[in-house]
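Let's take a friendly walk through this chain, from its overall build down to a few individual residues. Have the structure open as you read.

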Amino acid sequence: MPQIKKVLNSSVILVSDEQEKEYIILQKGIGYGRKPGEKVELSEESQIFVPLSSTDRNQFLELLKEIPAAYLELSQKIVAYAENQLHTKLNEHIYLALTDHLHFAVERFKEKVVITNRVFWELKTFYPKEYQIGLYALDIVREKLGIDLPEEEAANVAFHIVNAQKDEDVQYDAMRAAKLIGKIVTLVTYLMKCQPDKESIHYSRFISHLQYFAERFFSDRMLDSPDDFLYEQIEKGYPKALNCAERVRTLVLKEYDKAITNEEVVYLAVHIQRLISRD
């Protein structure tokens, strides 16, 4: 039976189990008249949140002092839905990030403060599953709080969901990645004079490759082989695709002051070739 460590309000308490792992429990009236050290029996109504990471603990507890518990409940529903749709476990930090964001978004909406998401189109286009989760989040907010947030907020939620799929040691920014992917797709479709079917498996594979490339690029984990044999073979077999990939290398170097390796250029050329040959 968990033991109370802190009563945050009448509906939210911080507890620890036998292994000293800390959890947040959300239940109407569960904290009323309670004190630290008491054992608490959970009911079917109790919503148990994942153990708090040491880095998020203090921020989370401070956050819950300032905002209604309803936002934590919203985050739990959205995260549960996202994990079911994506078939993966999200990083625990998502609870802090998403709860804080939802509250801030609603407060901005009430105050009629508009902040434009400059990569709305890229997030919507290149992370469609996460964007659909964002739309689900808007539906939940509308249902629970009676607030009709603008569609751009779906992309903001998607941003947090994308980031939460990465390991803690991977420095990843979904908005920055989406912007890079958008630049590459625009250049490739312009140079190769193609308008690929965005519903096709070939386009999907191309975008997936760019997503993983962006992750490697920004985390300094690019593929890099000293053997240029494959590069020479691609140069002979797919000169147009390789030339396009080289133009991407030039663009990225200019925009980010960072060079793409030959091996990354080769794999990009292969995906470009697959894309245009099936267009």
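What share of the contacts in the chain with a separation of 6 or more do residues 24 or more positions apart account for? They account for 66% of those contacts, where contact means heavy atoms within 4.5 Å.

## Ground rules

This is a predicted model, in which local features need pLDDT of at least 70 and side-chain atom pairs count only at pLDDT 80 or more, while totals for chains, interfaces and linings use all residues. Residues are numbered from 1 along each chain as its sequence is written, and side-chain values use heavy atoms, with hydrogens and water left out.

## The chain as a whole

The C-alpha trace spans about 75 × 40 × 30 Å along its principal axes. You will find 11 helices and four strands; these are DSSP runs numbered from the N terminus, with helices being H or I of at least four residues and strands E of at least two. Of the 279 residues in the chain, 48% are buried. Buried means under 20% relative accessible area, exposed means over 50%, and partly exposed lies in between, using a 1.4 Å probe and protein chains only.

The chain exposes about 15,400 Å², with carbon and sulfur atoms supplying 48% of it; areas come from the Shrake-Rupley method with a 1.4 Å probe, and for residues only the protein chains shown count as cover. There are 36 positive and 44 negative side chains, and the centres of the two sets lie 3 Å apart. Here Lys and Arg count as positive and Asp and Glu as negative, leaving out His and the chain ends, and each charge is placed at NZ of Lys, CZ of Arg, CG of Asp or CD of Glu.

## Nonpolar cores

A nonpolar core is a set of buried Ala, Val, Leu, Ile, Met, Phe, Trp, Tyr and Cys residues joined through side-chain atoms within 4.5 Å. The largest one holds 81 residues, and Phe 206 and Ile 272 touch the most other members. Helix α7 (residues 174–191) gives this core its largest share, nine residues.

Setting aside neighbours within four places in sequence, Ile 272 is in contact with Val 188, Met 192, Phe 206, Ala 241, Cys 244 and Ala 245. Another core, of six residues, lies apart from the largest one and includes Ile 4, Ile 13, Val 15 and Ile 25.

Helix α3 (residues 93–110) has 18 residues, which should span 26 Å at 1.5 Å a residue, and its end C-alpha atoms are 26 Å apart, in agreement. The expected span is 1.5 Å times one less than the number of residues. The buried residues of α3, among them Leu 98, His 101 and Arg 108, pack against α1 (57–66), α2 (70–86), α5 (128–145) and α6 (152–164).

In α6, 11 of the 13 residues are buried, including Asn 156, Phe 159 and His 160. Their cover includes α2, α3, α4, α5 and α7.

Leu 123 sits in helix α4 (residues 120–126) and is buried, with a relative accessible area of 0%. Beyond its neighbours within four places in sequence, its contacts include Tyr 131, Phe 159 and Met 175.

Buried or exposed: which describes His 87? His 87 is exposed, with a relative accessible area of 72%. His 87 is in the loop between α2 and α3 and has a positive phi near 55°. Lys 112, in the loop between α3 and α4, has a positive phi near 60° and is exposed at 75% relative accessible area.
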